[in-house]
Amino acid sequence: MTPLSPGVATATEQDTPAAPGTLRFRRLWLFSPRADLAILGIPLALTLVAAVASAFLAPDAADNAHRILGWTAQNLLGNATHVILTFLLFGVHRDVLTAAPKQPRNILAGAVAMLAVGAALFFTFYADRSIHTFAVAVIFNVFGMHHTLSQHRGLWSLHGLRGGQEGLSPPSPLERKLQQLYVPLLLSVLLTRIFFVAESAAPGAAAYLDVGQGAVLPWQTLPVLIAVWLGYFLLLFRSVLRSGTASGPKVLYLLGMATATGLALVAPSWGYVMLPGMHGLEYYVLSARMLEPREGDSPRLSQKLIWPAMAVSMLPLFALGVVHGFLLDGPMRGSLGIGGGAQAHPLLRALTSLGFACVLAHYFADAFIFRFRIPSIRQVMLRRLGFTLAPRPASDAR
């Protein structure tokens, strides 16, 4: 999900002035209390339990615990399997595909190109792991991380919209600026950490993702990155909490964002379990909400069949993930960790390459359908998400 405009939040009736730091929860949950809390709580709980357990296990058992949690984040929690839901949405609600002029042609051509290029890229990579290893790492850790952070920013904006519709004050100018800064700043910090900073303080330690990039920055660089992350979130929470009543669900979501990115910064091995798990669960509930029929829709998929249809559409990718779960040796690393098990199995190599190509096609399609700065797309997508449409201030246009 690409970022919504920082101007997506609009205020209706302002709340009675309240003491700074006051939180309100009633009617402000983005999906529901259970769904909003599950998105944050399930990935964090699994990650922390496994991380604590692995600290008391022998090295081999600890690596196995990490592998299982990596597999869970990518498959059960949906980071790798959710990608097909974008195309299910196109089939159920055509207005998402046709919301802007030429969008169907652009999405079709781009998705097919991504499938072809991505499948070829990964097939040759699996045939010989020495071929374009760096390119593969860049694709799924630069583009994958950008995609994940952009979805954070999009849900942040939706929380702002929900608050505005329920009478809370709109985001402050500082919060809007910090929202615009979130993706480029956190992307830079996290990629620097995993690619260019030593994984530990041990002499000669390589980067968390060692793809042959050579000498890296010493581990002592990490406190500088942590200081940037901490300064950003302290400023953000001060901005959100200082002006009267704030949305409790939004504050909880921002805490989840801070926890996931902070964990990826301090302990990438475990942060890269929480981040993809959180991302996949978010996309599940977003897709389920957008697949719901709205007033005036021609019936294509009934309400009770939404989750079964999602499960069936994801089944091939889930099955592929199960196979890799048995073949992968050692812990998974980075966004959509790529194991070596496919090397010895030509058919599995082809299917895996096609699966990762679907992920690239999903990145491309999502970049089009969530362009909320375009009025026609904004109107269609907010309707699909169940939000009451409100006029957008001219000063918020990008």
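Ser 287 touches Leu 85 and Met 310, leaving aside residues up to four places away in sequence (contact: heavy atoms within 4.5 Å). The structure is a predicted model, in which local features need pLDDT of at least 70 and side-chain atom pairs pLDDT 80 or more, whereas totals for chains, interfaces and linings use all residues. Residues are numbered from 1 along each chain as its sequence is written, and side-chain values use heavy atoms, without hydrogens and water.

Ser 287 belongs to helix 10 (residues 268-291); helices are DSSP runs of H or I with at least four residues, numbered from the N terminus. With a relative accessibility of 4%, Ser 287 is classed as buried (under 20% relative accessible area, 1.4 Å probe, protein chains only). Its side chain reaches the backbone oxygen of Tyr 283 at 2.8 Å.

Helix 10 also packs with helix 1 (residues 33-55), at an angle of about 155° and with the axes 9 Å apart. Axes are lines fitted to C-alpha atoms over the stretch in contact, and angles run from 0 to 180 degrees between N-to-C directions. Helix 1 and helix 10 are therefore roughly antiparallel (over 145 degrees). Residues in this contact include Ala 35 and Ser 54 of helix 1 and Trp 270 and Glu 282 of helix 10. By class, the contact of helix 1 with helix 10 comprises 15 nonpolar, 3 polar and 1 charged residues; Ala, Val, Leu, Ile, Met, Phe, Trp, Tyr, Cys and Pro count as nonpolar, Asp, Glu, Lys and Arg as charged, and the others, Gly among them, as polar.

Notes. Helices (H or I, at least four residues) and strands (E, at least two) are DSSP runs, numbered from the N terminus. Buried means under 20% relative accessible area, exposed over 50%, partly exposed in between (1.4 Å probe, protein chains only). A polar contact is a pair of N or O atoms within 3.5 Å; within protein, one must be able to donate a hydrogen and the other to accept it, and residues adjacent in sequence count only if both atoms are side-chain atoms. Angles under 35 degrees count as roughly parallel, over 145 as roughly antiparallel, 65 to 115 as roughly perpendicular and the rest as oblique.
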